[in-house]
Amino acid sequence: MTVLDIVSEPLRLNGYPRDRLVDKVKELVDMVGLESKFLNRYPHAFSGGQRQRIGIARSLALEPRFVVADEAVSALDVSIQAQILNLLQDLKETMKPTFLFIAHDLSVIEHVSDRVGVMYVGRLVELAPTEEIYLKPRHPYTEALLSAIPRPEPGAKNNRILLPGAVANAADLALGCCFLPRCRYCQDQCKEDTPLWQEISYGHYVSCHRAKELELQGVMEA
Ligand code: SF4
């Protein structure tokens, strides 16, 4: 499919007037920083970053209120990642959709998110405003994840927490906490009771029996 076909498809399927289709596609590719003279080219003629822009133009064609961006920048090199992230930030301001941004790169997540949810074996284990979760995580898995963020300062010590064991089978979880075999803070209660999802401060949710007592290490200075 050409860029024109790709970006116009959701519009055509939803009955957008045919005589205004090309103009609308031009508007969309312009919005994501591509030139409309490329409309008849095929994806292989573009770089990874440009292809991502085409995908973004298509996803925003119907002006959605909610966009799931699943690993939207993970295949891109760092400088292109920054361009795409800035583009998403700009679109967030202008079009005001809600983005559910799924990624493994915690620096990227910190840059784009208002709230962060941390998942382990398919379960949400912590959810909080971005600054709070990076400053003061309340779940041991979040603490371990944050400790793995590379530090750019030369010679900086990395206090990375290495988790023992393997990731549990999400389809066959034992009784108790799903993080138990890898948690250095586990106690007897964790083996028997599945921790409840609880709000421990305004907007900060966590699923850990010891969330209120543990002093876990974040990565931001207060
Ligand atoms: S409930 Fe227990 S095992 Fe699970 S994360 Fe909390 S301390 Fe660790």
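Student: What volume does the largest pocket have?

Tutor: Let's start with how to read the term. On a 1 Å grid over the protein atoms alone, a pocket is an open set of points with protein on both sides within 12 Å along at least five of seven lines, while a cavity is a set of points where a 1.4 Å probe fits but cannot get out; lining residues have an atom within 4 Å of a point. Grid points are joined across faces, edges and corners, and a volume is the space filled by probe spheres set on the points. Here the largest pocket has a volume of about 960 Å³. Keep in mind that this is a predicted model, where local features need pLDDT of at least 70 and side-chain atom pairs count only at pLDDT 80 or more, while totals for chains, interfaces and linings use all residues. Residues are numbered from 1 along each chain as its sequence is written, and side-chain values use heavy atoms, with hydrogens and water left out.

Student: Which residues lie nearest the centre of the largest pocket?

Tutor: Look for Leu100, Phe101, Ile102, Val116 and Gly117, which belong to a lining of 27 residues. For the classes, Ala, Val, Leu, Ile, Met, Phe, Trp, Tyr, Cys and Pro count as nonpolar, Asp, Glu, Lys and Arg as charged, and the others, Gly among them, as polar. The lining of this pocket has 18 nonpolar, five polar and four charged residues. Helices (H or I, at least four residues) and strands (E, at least two) are DSSP runs, numbered from the N terminus. Elements that each supply at least two residues of the pocket lining include β2 (98-102), β4 (123-129) and α7.

Student: How many cavities of 30 Å³ or more does the search find?

Tutor: The search of the whole structure finds two. The largest cavity has a volume of about 90 Å³. Its lining has 13 residues, and the closest to its centre are Pro140, Cys177, Cys183, Cys190 and Cys208. By class, this lining divides into nine nonpolar, three polar and one charged. The second largest cavity holds about 40 Å³ of space. Leu106, Val116, Val118, Ile133, Tyr134, Thr142, Leu145 and Leu146 line the second largest cavity, and α7 gives the largest share of that lining, three residues.

Student: Is α7 mostly covered or mostly open, and how many of its residues are buried?

Tutor: Buried means under 20% relative accessible area, exposed over 50%, and partly exposed in between (1.4 Å probe, protein chains only). α7 is mostly covered, with seven of its eight residues buried. Among them are Pro140, Tyr141 and Thr142. The cover over the buried residues of α7 includes α5, β3, β4 and α6.

Student: What is the largest nonpolar core made of?

Tutor: In soluble globular proteins, nonpolar side chains tend to be buried together. A nonpolar core is a set of buried Ala, Val, Leu, Ile, Met, Phe, Trp, Tyr and Cys residues joined through side-chain atoms within 4.5 Å. The largest one has 31 residues, and those with the most contacts inside it are Val3, Val7, Val29, Ile54, Ile56, Val73 and Phe101. α4 gives the most to this core, with five residues. Apart from this core lies another, of 21 residues, among them Ile133, Ile149, Tyr185 and Leu216.

Student: Which residues does valine 3 touch?

Tutor: Contact means heavy atoms within 4.5 Å. Not counting residues up to four places away in sequence, valine 3 touches Val29, Phe38, Leu39, Arg41, Phe46 and Ile54.

Student: How many aromatic pairs are there in the whole structure?

Tutor: A pair of aromatic rings is described by the distance of the centres and the angle of the planes. Rings of Phe, Tyr and Trp (its six-membered ring) pair if their centres lie within 6.5 Å; planes under 30 degrees apart count as stacked, over 60 as edge-to-face and the rest as tilted. The search finds five pairs. Phenylalanine 38 and phenylalanine 46 form an edge-to-face pair, 5.8 Å centre to centre with 75° between the planes. Phenylalanine 38 and phenylalanine 46 are both buried. Tryptophan 197 and tyrosine 205 form a stacked pair, 5.8 Å centre to centre with 10° between the planes. Tryptophan 197 is partly exposed, at 39% relative accessible area, and tyrosine 205 is partly exposed, at 25%.

Student: Why does histidine 204 count as buried?

Tutor: Histidine 204 counts as buried because its relative accessible area is 1%. Histidine 204 sits in strand β6 (residues 204-206).
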